[in-house]
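User: Hi, I have just opened a structure that is new to me. Could you walk me through it?

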Amino acid sequence: MDFPILIVGGGISGITAAVELAETGREVLLVEKEPYLGGNVAGFNNYFPKLCPPACGLEINFRRIRSNPLISYYTSAEVQEISGTKGEFRVTISVGARLINNRCTSCGKCTEVCPVDREGPDSYGPAKKAAYIPGGLAFPMKYTIDAEICQKEACGKCVEVCDYNAIQLDARPVEIELRAHRIIVATGWRLYDASRIENYRYAGEPDVVTNLEFEHLLATCEREHKKLTRPSDGETPKRIAFVQCAGSRDVNHLPYCSAVCCSASVKHALTLAESYPGIMAEIFYIDLRLTGRNEKLLNKAEQDDAIKLTKGKVGRIERDKNGNGLILEVEDIMAGTRRMDSFDMVVLAMGLVPNRFLPAITTNENGFYSAGQIQGIYPVASCKRPMDVASSVKDATAAALKAMHR
Ligand SMILES: Cc1cc2nc3c(=O)[nH]c(=O)nc-3n(C[C@H](O)[C@H](O)[C@H](O)COP(=O)(O)OP(=O)(O)OC[C@H]3O[C@@H](n4cnc5c(N)ncnc54)[C@H](O)[C@@H]3O)c2cc1C
């Protein structure tokens, strides 16, 4: 009898590989470092090409995971060490302290009484407290406590209100030894550090946000039926600029195209046009790379009066000293002019870089994992190169097929 197949990373590609394998009768172990499955997609407002909510793709997979006893998953867990070879890997994982256990019924009383505010890039979600539910689509649907900021026994308010005895503030991390027949690495992507592009003023300018932050902002507004407001003063923005290739295709930062950012900005602009009338969006691009079904989104954007597409690379972003928002300096290629124009908010379409965890896996010249370097370990989807959800799902299915072969 073979050992189970281990999947590291529980985003859409890791989940896809897990259900495909389990539904052919293979035992699967899924290890995810966050307290929830779904990866980046779980925090989205909507996703192209159909602009449907992330629940469309994730919920069905969560149901398949729930109903399949061959899948075991560990959240808040990371791989510490891998040894052995194809067919008989030994893997040590550490599972973070679970301050809320499986008795949680998601009633939310812990968040209501929690006195500690929680900030950070993933602080979207109904409440930004140390006790929180991670995103609107949390799976497993359990509250979690950020152990780094929780005051634990010094506070204990959540313990007092929990009717299910689900809170255990003295929980400690545990190490677990696993055996694995094959390993699929689906650790995905993160954004290139926006503060490294100094001329775009991300550090210190609250109204300059990354495209992922903007996605989370739209998701929060949609979920909480809120107006879209700009971070600096809570006013409704009238003009929002999208700066393409922020970091990508730039020899000083990332030499490659990040593949999904043009489609993401067009998606954001269409969402603004549909849900926030009165806000103008202008996308500044070198060239717009939307292919396949996403080209239809571009056609739609071209016909929308609330969206302007301008060919030109943004050189600089500055706060206007007379209070007129943010000034963008851009070369308008088609008009043959240098433009200085003011906007209320700027969204940086950031380049993508891979999440890496295993130094032993070979990377290519751009730092992404290369396929097939160690026998029995298969990197998959967006840790190999930037790709959209549809391509990630296809790649994950292909990896599942490879992993099930002896
Ligand atoms: C702003 C923006 C908008 C986008 N919009 C769309 C869209 O509308 N449509 C579309 O098709 N694509 C979109 N994309 C691309 C989409 O996000 C990716 O295709 C998708 O996230 C790829 O899924 P994945 O599972 O490979 O990676 P991820 O979603 O990154 O998931 C990887 C998972 O691995 C986990 N992980 C990482 N390291 C470890 C570790 N060491 N141990 C354990 N777990 C780990 C992470 O926590 C995460 O859960 C967008 C991208 C951006 C930047």
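Predicted model: local features only at pLDDT ≥ 70, side-chain atom pairs only at ≥ 80, totals over all residues.

User: Ok, which residues touch the most other members of the largest nonpolar core?

Analyst: They are Ala 18, Ile 184, Val 185, Val 346 and Leu 348, in a core of 122 residues. At least three residues of this core come from each of domain 1 (5-96 + 173-188 + 355-404) and domain 2 (193-350), with domain bounds taken from an automatic or database domain assignment. A nonpolar core here is a set of buried Ala, Val, Leu, Ile, Met, Phe, Trp, Tyr and Cys residues joined through C-beta atoms within 7 Å. Buried means that 20 or more other C-beta atoms lie within 10 Å of a residue's own, exposed means 12 or fewer, and partly exposed is in between, with C-beta atoms placed from the backbone.

User: And what is Ala 18 in contact with?

Analyst: Leaving aside neighbours within four places in sequence, Ala 18 is in contact with Ile 7, Val 28, Leu 30, Ile 65 and Ile 71, where contact means C-beta atoms, placed from the backbone, within 7 Å.

User: Switching topic, where does the ligand lie?

Analyst: The ligand lies between domain 1 and domain 2, because both give residues to the shell around it. There are 38 residues around the ligand, and Gly 9, Gly 11, Gly 39, Tyr 47 and Gly 188 come nearest; a residue counts as near if its C-beta atom, placed from the backbone, lies within 6 Å of the molecule.

User: Which elements give two or more residues to that shell?

Analyst: Those are helix H1 (12-22), strand E4 (77-85), helix H5 (211-224), helix H6 (261-275) and helix H8 (389-404). Helices (H or I, at least four residues) and strands (E, at least two) are DSSP runs, numbered from the N terminus.

User: Is H6 mostly buried or exposed?

Analyst: Of the 15 residues of H6, 12 are buried, so this helix is largely enclosed by the rest of the structure. Among the buried ones are Cys 261, Val 266, Lys 267 and Leu 272. The buried residues of H6 pack against several elements, including H5, strand E13 (280-285) and helix H7 (294-302).

User: What about phi of His 225?

Analyst: Phi of His 225 is near 50 degrees, a positive value in a residue other than glycine. His 225 sits in the loop between H5 and strand E12 (239-246), and His 225 is exposed, with 6 other C-beta atoms within 10 Å.

User: Last one, what does Leu 228 touch?

Analyst: Not counting residues up to four places away in sequence, Leu 228 touches Leu 217, Cys 221, Thr 236 and Tyr 276. Leu 228 also lies in the loop between H5 and E12, and is partly exposed, with 19 other C-beta atoms within 10 Å.

Definitions and conventions
Residues numbered from 1 in each chain as written. Contact = placed C-beta atoms within 7 Å.
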